[in-house]
Amino acid sequence: MANQPAPLVDYDPLACDPALTAALAREGAGDALPALKHLAALVTSEEAREHARLADVHPPVLHTHDRYGTRIDEVEFHPSWHWLLRRAVGSGLHGTPWAGEPGSGAHVARAAGFYLMGQLESGHCCPISMTYAAVPALRHDPALAAAYEPGLRSTTYAFGLAPPATKAGLLAGMSMTEKQGGSDVRANTTRAEPSREGTYRLTGHKWFTSAPMNDLFLTLAQAPGGLTCFVLPRVLPDGTRNGIRLMRLKDKLGNRSNASAEIEYESAVGWRLGEEGRGVATIIEMVSMTRLDCVLGSASLIRVALSEAAHHVTHRSAFGRPLAQQPLMQTVIADLALESEAATALAMRLAGAVDRDGQAHR
Ligand SMILES: Cc1cc2nc3c(=O)[nH]c(=O)nc-3n(C[C@H](O)[C@H](O)[C@H](O)COP(=O)(O)OP(=O)(O)OC[C@H]3O[C@@H](n4cnc5c(N)ncnc54)[C@H](O)[C@@H]3O)c2cc1C
């Protein structure tokens with residue numbers, strides 16, 4: 001009556017996205033459609049939309065100490081954040097596809113699921129993406145991969161501080177950026193000293209580590225042989241906290257439901273991943289997989305913006321008829337649709353390339 005559209009819920013984001021369904025078939029994951037239909041119905045449900053809203057309006061809170069003054073370095077989230085993570089992990093959108101063989105379509109199906117979940121809420125896609133991306137980098141060291149990969153592939157979401165070996169599911173993050181060096185990670189100053197136990201002790205800081213509540217972090221630091229990649233669990237195998245101090249959370253413009261921290265290392269224990277001096281070459285495998293998800297996430301945001309715009313102009317009238325019937329508005333929406341379909345096709349093409357790449361699966 002007030003010429004205001006109702007909220008956009010309970011629509012089928014697969015049926016109205018032929019670029020996605022065509023790409024699924026073209027890139028070898030057509031048989032994933034039934035499972036994706038289930039996820040598609042979930043992400044447009046009123047319940048899911050409400051959880052997404054709540055996760056965004058109740059940002060994470062850092063607790064550096066407990067009430068007795070003991071350091072805890074833990075982040076508290078609204079229950080709706082956990083609801084989102086449980087669905088994403090339960091749908092295998094993190095490390096699960098790495099169990100498949102090259103060309104099985106698992107990465108393409110996962111890409112489509114990630115794109116659907118991104119249309120619901122993009123902040124929680126960050127830890128999901130980093131966990132997905134950590135696996136090929138971890139495979140530089142068979143022992144570390146054997147220790148962590150099963151947890152990273154598990155479809156159980158297990159939040160909280162505990163030794164990784166005792167948890168039913170794990171999430172991973174990456175710590176590269178320092179104050180004096182963002183893109184230029186060679187400027188990193190965090191030091192890693194070899195210890196007698198065969199591990200390393202890290203001292204220094206990171207300026208931007210997202211999802212600091214995750215279980216393990218691929219981290220760059222300067223070892224005697226140069227910039228090197230390390231794996232740092234947040235809790236050590238003996239149950240004690242690793243020396244990773246969360247200093248504060250970023251007050252970000254976007255990605256607000258997710259936590260991103262400034263951290264300091266106080267003799268934190270790290271396991272070397274790859275050779276000393278080959279840190280960039282090692283972690284770049286993780287970085288490039290997160291960049292695939294940046295493409296998927298961008299396509300997903302374009303898509304949901306298109307859906308909202310198309311819905312709005314269908315139900316909003318101006319100058320005597322629905323906006324969708326106004327010729328100029330039709331060209332605007334058609335332009336958006338074209339951009340969206342191009343972005344979706346490109347993103348899925350990239351996911352198909354990862355799926356077929358035997359090197360990435362080694
Ligand atoms: C939401 C969010 C989450 C993040 N999460 C993480 C995380 O989990 N882990 C982590 O390690 N980091 C994280 N970062 C940090 C991110 O990786 C850095 O912001 C990024 O590497 C860029 O570094 P910088 O911001 O210091 O910019 P700079 O490196 O200082 O670059 C400034 C500008 O110069 C441009 N530029 C840089 N080099 C060149 C060049 N050679 N030629 C031309 N232009 C150039 C850049 O594109 C940029 O526009 C996150 C950032 C954001 C915004």
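User: By class, how many nonpolar, polar and charged residues does the shell around the ligand have?
Analyst: That shell has four nonpolar, six polar and no charged residues. Ala, Val, Leu, Ile, Met, Phe, Trp, Tyr, Cys and Pro count as nonpolar, Asp, Glu, Lys and Arg as charged, and the others, Gly among them, as polar. This is a predicted model: local features need pLDDT of at least 70, side-chain atom pairs count only at pLDDT 80 or more, and totals for chains, interfaces and linings use all residues. Residues are numbered from 1 along each chain as its sequence is written, and side-chain values use heavy atoms, with hydrogens and water left out.

User: Which residues are around the ligand?
Analyst: Met130, Met174, Ser175, Met176, Thr177, Gly182, Ser183, Phe208, Thr209 and Ser210.

User: What lies 2.7 Å from a nitrogen atom of the ligand?
Analyst: A polar side-chain atom of Thr177. The side chain of Ser210 has an N or O atom 2.8 Å from a ligand nitrogen. Met176 uses its backbone: an N or O atom there sits 2.8 Å from a ligand oxygen. For scale, a polar contact is a pair of N or O atoms within 3.5 Å.

User: Which element gives the most to that shell?
Analyst: β5, with three residues. Strands here are DSSP runs of E, at least two residues; helices are H or I, at least four; both are numbered from the N terminus.

User: Where does the largest pocket lie, and why?
Analyst: It lies between domain 1 (18–130 + 283–361) and domain 2 (163–282), because both give residues to its lining. The bounds come from an automatic or database domain assignment. Helix α8 (279–315) supplies the largest share of the lining, 12 residues.

User: And which residues lie nearest the centre of the second largest pocket?
Analyst: Ala35, Leu36, Ser91, Leu93 and Ala109, out of 17 lining residues. That pocket holds about 320 Å³ of space. α2 gives the most to its lining, with five residues.

Methods:
Near = heavy atom within 4 Å. Polar contact = N/O pair within 3.5 Å; in protein donor to acceptor, adjacent residues only side chain to side chain. 1 Å grid on protein atoms, 1.4 Å probe; cavity = no way out; pocket = protein on both sides within 12 Å on 5 of 7 lines; lining within 4 Å. Points joined across faces, edges and corners; volume = space filled by probe spheres on them.
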